[in-house]
Amino acid sequence: MTDTQAASAFRLAYVPGVTPGKWVGVWRERLPQVPLDLTALPAAAAVRTLLDGGADAGLVRLPVDRTRLSAIPLYTETTVVVLPKEHPLAEAAELTLADLDDVIVLHPLDDVIGWQAPPGLPAKQRPATTGDAVELVAAGIGLLVVPQSLARLHHRRDLVFRPVTDAPQSQVALSWLEDRTSDLVEEFIGIVRGRTVNSSRGRAETPPQPKQQRPAAAKGKAKPKPKANPKANPKARTASRGKPRRRS
């Protein structure tokens with residue numbers, strides 16, 4: 001890595017519900033000389049920031065503009081419905097979209113699921129944010145369908161959430177401007193993909209070490225010859241006895 005790269009900070013944007021902590025920790029272990037600047041942004045603002053060059057990469061929700069942005073899908077979230085503890089539907093372990101047909105389902109302006117047709121009965125007004133919608137659910141105004149991480153982010157003791165088995169799901173991805181794929185971006189790609197230090201792109205692997213040769217025998221010292229075993233050679237045994245004496 002060059003001195004210029006070492007002096008530059010890596011700017012990472014991330015959207016609500018995404019927790020980049022584990023990847024940030026690996027980055028700081030491997031590249032302590034490169035600061036990592038984290039910026040939490042709404043889902044739509046994070047994508048605009050990438051397009052405007054305000055961040056080097058972002059942990060965002062798909063879809064994104066693939067004509068300008070590259071994206072690596074990381075994981076898909078379970079979709080849940082947020083409802084009061086006392087609500088009759090809270091008794092079920094899981095629900096379907098058909099279970100929501102006769103109840104008001106809030107559809108905030110920052111919705112990230114991207115419904116073609118939102119479930120349930122529409123409310124008179126759309127809440128501005130998911131946080132506002134959660135407050136309305138607590139007030140008994142309606143229910144809310146969101147990715148599970150957002151339900152956890154806005155958790156309240158008087159609310160619960162249940163999986164909606166047939167609802168569309170939200171996918172989280174690492175994204176960056178395609179024409180700005182820098183070495184630092186490649187480093188972060190390697191981290192989120194779980195590459196080791198030696199296998200990470202842009203890092204040279206440790207060269208194989210030559211095998212150690214056995215030291216040659218010291219000059220002037222010949223190996224001692226093994227002693228002959230007379231028992232193993234009959235002729236040798238006869239020769240050692242000598243010729244038999246004649247009787248007088």
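Me: In S3, which residue is the bridge partner of Tyr-14?
Reply: Leu-59 is the bridge partner of Tyr-14 in S3. Strands here are DSSP runs of E with at least two residues, and helices are runs of H or I with at least four, numbered from the N terminus. This is a predicted model, where local features need pLDDT of at least 70, side-chain atom pairs count only at pLDDT 80 or more, and totals for chains, interfaces and linings use all residues. Residues are numbered from 1 along each chain as its sequence is written, and side-chain values use heavy atoms, with hydrogens and water left out.

Me: How many bridges join S1 to S3?
Reply: Three, and the two strands run parallel. Two strands pair if DSSP finds at least two bridges between them.

Me: What's the strand order in the sheet?
Reply: S2-S1-S3-S9-S4, an open sheet of five strands with mixed pairing. Strand S2 (36–40) and S4 are at the edges with a single partner strand each, so one side of each has no neighbour in the sheet.

Me: Where does H3 pack?
Reply: H3 packs on the sheet and touches S3, S4 and S9, contact meaning heavy atoms within 4.5 Å. The direction of H3 makes about 145° with that of S3. Such angles run from 0 to 180 degrees between N-to-C directions, with axes fitted to C-alpha atoms, for helices over the stretch in contact.

Me: Switching to the core. Which residues have the most contacts inside the largest one?
Reply: Phe-10, Trp-27, Leu-174 and Phe-188, in a nonpolar core of 37 residues. A nonpolar core is a set of buried Ala, Val, Leu, Ile, Met, Phe, Trp, Tyr and Cys residues joined through side-chain atoms within 4.5 Å. H6 gives the largest share of this core, six residues.

Me: Is Phe-10 buried or exposed?
Reply: Buried, at a relative accessible area of 0%. Trp-27 is also buried, at 0%. Buried means under 20% relative accessible area, exposed over 50%, and partly exposed in between (1.4 Å probe, protein chains only).

Me: How many aromatic pairs are there?
Reply: Three. Rings of Phe, Tyr and Trp (its six-membered ring) pair if their centres lie within 6.5 Å; planes under 30 degrees apart count as stacked, over 60 as edge-to-face and the rest as tilted.

Me: Why is the pair of Phe-10 and Trp-27 classed as it is?
Reply: The ring centres of Phe-10 and Trp-27 are 4.8 Å apart and the planes are at 20°, so the pair is stacked. Phe-10 is in strand S1 and Trp-27 in helix H2, so the pair ties together parts 17 residues apart in sequence.
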